[in-house]
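Hi,

Here is the structure I promised to pass on.

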Amino acid sequence: MQKRLDEISSAISRGVPVLTVNARLSRSLLSEYDSRMQASGLKAWPTPLILPFSSWLSALFEEHIPDEPLLGPARAQALWEKIVSEDKDLPEAGLYNSGAADTAFEAYRLIKEYGVRLPEDIYLTGEARALKRWAKAYEGEIKRLGFVDRLALPQRLAVLIKAKRLPVPEEAVIAGFDEFTPAASAVIEALEQNGVKVSFWPGGGGGTKGAVTVRAYGDEVEEVVQAARWIRTLPQGARIGIIAPELNRYRDIINREFAAELDPASVLLSSDKRAVFNISLGAPLSEEPLVSSALAILFVNGGREDVDKLASVFMSPYLLDERDRLAFSRLDAELRRENRLKSSLNDIRKKAGFGADLTGRLGLWVKGLSGTGKKALPSYWAHNLSGLLKNIGWLSPIRLNSVEFQALKAWNSLLEEFAGLDDIIGSIPRAEAVSRIFSIAGKIMHQAETPGSRVQVLGLLESAGLFFDHVWLLGCHEFALPSQPSPNPFIPVFIQREYNLPRSSHERELRFSKSTVDRILSSAPLVEVSFPLRADDKELKASPLFKGCEVSSPKIDSTSRLKDDIHSRFSLEKLEEGERIPVGPEEKKSIRGGTNIIKDQSICPFKAFATHRLKAASIEVPELGLPYSKRGTILHNALRLFWEKAEGSERLKKMIEAGELDGYIKETADKALKGIDLFPLSERFMAIERERCESVIRDWVALELKRGPFKVKTMELETKIDAGGLVITGRLDRVDEDGSGREIVIDYKSGDVKADWLSERPREPQLFIYSLTGRYDAISFARIAPGECRFIGISSRAELLPGIKGVEGNEDKFNGMEWERLMEFWKGVIERLGRDFLEGVCSIDPIDAKDQPPCLRCGLTTLCRIGGMEDDGDES
């Protein structure tokens with residue numbers, strides 16, 4: 001390794017241009033050379049010429065042929081997409097979809113780089129014929145516009161160099177290439193024919209291969225975790241290469257697990273991130289948080305938008321400061337409680353309670369969106385959209401760090417490129433302009449430059465020409481190395497194989513993988529190779545390139561991640577499970593919640609504590625249509641209105657005899673709906689809801705008619721109830737009196753009801769509570785739902801309510817208890833739950849209900865963290 005670095009440094013010191021396979025190798029060689037110059041005692045030295053081969057070609061052309069401008073990537077993509085979209089034969093060929101243009105453009109790139117000549121149309125597929133048609137139109141348009149395509153640059157320069165019409169160096173080093181395309185080879189051949197001494201670094205032969213250890217781990221996450229822990233065992237200052245054939249697949253796992261293991265404090269939001277590792281694979285510019293924020297703002301069109309979409313805009317720290325984000329979060333929660341799926345920019349400006357400055361800026365935003373339906377050139381929209389971002393104060397709340405500054409620079413460059421598309425795209429509306437900017441951002445791979453790190457995470461190609469002290473090859477299973485063929489559908493496979501195009505055949509991929517692995521094994525004295533035993537529900541084996549190597553599964557248990565070590569690093573207040581936090585006298589005065597306090601205490605003591613004492617609440621999720629809670633309220637109101645007039649069985653029968661029932665049911669449904677906010681339902685949906693309400697009332701009346709004589713004694717009766725010292729307010733939906741004077745409590749339920757009359761922790765304790773307010777002979781839920789109307793209750797004797805069996809004569813089914821003893825049991829249950837609440841019983845102890853697990857609908861599981869209680873011992 002040292003010998004090869006000495007060779008390249010010697011050439012650089014002589015002023016020899018070094019043309020590399022990629023920008024990463026250029027930066028690495030430049031850094032190595034600068035370090036050597038500093039170590040030699042020099043304070044200044046000439047800047048060496050080290051740059052990617054493709055950049056050297058562009059610079060050579062632009063310097064010596066300035067009258068012929070090169071076509072930029074954005075312009076090239078836009079021109080190609082225009083040609084594809086305007087192809088009149090597309091509908092017949094059936095080829096067009098969202099990715100067709102991109103795939104075809106990649107095929108065109110392969111044709112230019114590998115000198116592919118497509119035969120006559122008779123030998124081609126429909127896709128290949130379309131590609132020929134588009135390529136011809138594309139080249140014609142480039143010529144008409146007066147540009148030079150970058151894909152044609154190598155061939156053009158090769159001709160000029162051979163003709164000695166361009167100055168060339170006496171010597172050049174070509175660095176880091178595993179293979180050359182015919183286009184690149186043509187340029188190198190022209191240089192050599194023109195007398196240039198061309199040398200290739202690091203040269204063939206591979207050199208001494210490092211010792212190889214093959215490791216197998218359960219899955220990709222465990223594999224990455226072990227690689228991170230292995231890094232911690234290596235000497236400080238060692239150069240480490242983590243190389244992954246499928247880096248795109250591993251990227252997120254590496255980012256998460258390496259940060260947790262190598263920079264544990266980075267998982268805390270308040271900590272500064274250190275550059276402890278560097279990943280070569282960039283992400284689409286559109287995924288950069290700063291750029292994503294700008295795009296989200298620009299996609300707001302001024303009309304009614306999804307609340308979630310607006311939340312992504314206003315909760316961004318790039319637009320609002322902390323105080324204003326808090327104001328918006330309150331409004332967001334209110335909109336969700338009201339089941340508002342949509343809102344508008346103007347509504348938010350008026351309702352959020354922002355400061356005067358922000359309210360003014362949002363006014364400029366609303367004003368700036370007027371007249372956005374007009375068409376204009378991309379240059380106009382680039383200036384207009386950039387001005388809008390400035391006017392509304394985008395980026396004003398924060399101070400950009402280095403990574404964000406680079407993202408902003410890339411964003412501004414994107415807008416400049418878009419502004420140069422006037423002659424290609426023409427006039428377009430604002431919405432299309434924003435969509436095109438988003439599309440361009442999604443195709444630009446952005447990688448921020450960060451301070452040098454001893455840990456480099458690379459793909460197979462990015463590792464070319466680099467040397468390390470230690471290398472770990474990740475994900476080397478049978479399907480990743482060699483990779484699977486993936487021929488481009490726009491070039492016939494037989495042609496791809498004839499020209500030896502990338503990904504065209506198994507044989508081609510095997511040869512390439514062998515040579516690449518040989519190069520990697522020669523890049524470090526020690527090489528670790530690993531693979532997951534399972535991924536995507538498939539059992540995996542090691543890559544055949546490591547056949548014959550012994551496979552082991554050594555594990556490093558030592559870790560520094562905060563999840564496992566947080567108690568030793570921070571002094572936290574400890575609260576033992578089961579410890580109580582009693583309600584104080586002053587707090588007791590402020591507690592509100594009615595019967596729900598007892599219900600929550602029964603279902604889970606922590607839920608009662610968090611909801612009624614900490615005032616914790618989950619964020620509502622808006623639903624399409626009318627939420628169940630409003631439907632329940634409508635039915636409650638409708639039945640109250642109905643019985644206010646019907647009064648009981650006698651009056652009900654008279655209404656039926658007079659033919660008044662249907663009319664009264666419709667009148668009742670109309671009144672019930674008028675009292676409810678039904679936004680954003682249309683008139684048609686309201687009509688459907690009205691019909692639903694009428695249907696349920698009819699079903700319920702039919703059930704009531706099966707009872708004996710009764711009258712509705714009270715409705716919506718509010719009463720105070722002492723539950724073990726906790727005074728709560730209850731509201732009895734209805735109390736009936738039958739013909740014998742026996743009283744029955746009825747509680748309406750539009751949802752599912754699970755009655756558990758003998759449980760110490762009932763799921764629905766309301767009837768237990770209401771039984772304390774008098775001497776009743778029956779208590780029952782009234783299940784009011786389409787097609788499911790019925791009584792679900794219990795009574796002292798049979799036939800008090802349809803379908804309800806009495807306790808009398810069935811005492812064996814109630815633990816031998818008669819009705820009076822059962823009432824006493826319910827009283828004891830409620831008083832104990834009330835005392836538990838007051839005494840501060842707040843353990844995380846949900847009831848065991850497999851048919852309806854309470855945690856699924858709780859909404860507070862992120863607060864109690866019950867999902868992680870069983871995983872506290874996990875390492876990852």
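The expected span of a helix is 1.5 Å times one less than its number of residues, and helices (H or I, at least four residues) and strands (E, at least two) are DSSP runs, numbered from the N terminus. Please keep in mind that this is a predicted model, where local features need pLDDT of at least 70, side-chain atom pairs count only at pLDDT 80 or more, and totals for chains, interfaces and linings use all residues. Residues are numbered from 1 along each chain as its sequence is written, and side-chain values use heavy atoms, without hydrogens and water.

Let's begin with a helix. H7 (residues 126–145) has 20 residues and spans 29 Å from its first C-alpha to its last, close to the expected 28 Å. Its buried residues (under 20% relative accessible area; exposed is over 50%, partly exposed in between, with a 1.4 Å probe and protein chains only) include Leu131, Trp134 and Tyr138. Lys136, Lys143 and Arg144 are exposed on the face turned away from the buried side of H7. Just after H7, Gly146 has a positive phi of about 85°.

Now for a sheet. Five strands form an open, mixed sheet in the order S20-S21-S22-S23-S24, where two strands pair if DSSP finds at least two bridges between them. S20 (710–723) and S24 (790–795) are at the edges with a single partner strand each, so one side of each has no neighbour in the sheet. S20 runs antiparallel to S21 (residues 726–738), joined by 12 bridges; Glu718 has Arg731 in S21 as its bridge partner.

Best wishes
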